[in-house]
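Hi everyone, thanks for coming. Please take a look at the picture on the screen, and then I'll walk you through some charged pairs.

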Amino acid sequence: MRRYVIAIIAVASLALCGGRAYAQRCLPGMKGLELRGGFVGGSSGDFYLGTGMSVYSGRANHWVFGAEYLQKSYRYKDMSIPRAQFTAEGGYYLNFLSDASKTFFLSIGGSVLAGYETLNWGKSLLADGSRLMAGDTFIYGGAVTLEAECYLTDRIVLLAAIRERVLWGSSISKFATQIGVGVKFIIN
């Protein structure tokens, strides 16, 4: 029985490592599609979802272009008031650590963000008759990200990231910490 388990693990490992050689990862011009999500501010009810395109520029550095949806709720008496942000991103990530087999990469990146924020989906009057003084607005700013990439195969990459966003234009709060995971599919 033990031999069968070892054989299955060996075959699965070969299947995951199949494809192009390790030296063909992160070449200039390679592109990847990302899907990512996670929590905002350490609260399980506050989350973000995003998608993006990575374009490698050499030495595993890459440009990132994407869009993101972030939702954070604020407690008021016995109700929850949602804040939603829709942002577009453009940034550059600099690889500063990788292993010899080009399986694991650690990058730090800076991004420019711009988008729209809505508070309580545009409804300023609350159920108890109170009125919100803050409203919907355009937002702009940037983000600093620490990202880890781990190649499962030459075309599938797991991502883990911690990010600090600062956005002006919002009357609620300017800073948001994001912790999340994602997957990247290399398309060429």
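Let's start inside: Glu34 and Lys184 are both buried, where buried means under 20% relative accessible area, exposed over 50% and partly exposed in between, with a 1.4 Å probe and protein chains only. Before going on, this is a predicted model, in which local features need pLDDT of at least 70, side-chain atom pairs count only at pLDDT 80 or more, and totals for chains, interfaces and linings use all residues. Residues are numbered from 1 along each chain as its sequence is written, and side-chain values use heavy atoms, leaving out hydrogens and water.

Side chains of opposite charge can pair when their charged atoms come close. Glu34 and Lys184 form a salt bridge, with their closest N and O atoms 3.8 Å apart; the term asks for a side-chain nitrogen of Lys or Arg within 4 Å of a carboxyl oxygen of Asp or Glu. Glu34 sits in strand 1 (residues 31-40) and Lys184 in strand 8 (residues 175-186), so this pair ties together parts 150 residues apart in sequence. Strands here are DSSP runs (E, at least two residues), numbered from the N terminus.

What is the relative accessible area of Arg36? It is 13%, so Arg36 is buried. Arg36 forms a salt bridge with Glu68, closest N and O atoms 3.7 Å apart. That pair links strand 1 to strand 3, 32 residues apart. Glu68 is buried too, at 6%.

Finally, shared partners join salt bridges into one network, with Glu34, Arg36, Glu68 and Lys184 among its members. The structure holds 12 salt bridges.

Notes. Helices (H or I, at least four residues) and strands (E, at least two) are DSSP runs, numbered from the N terminus.
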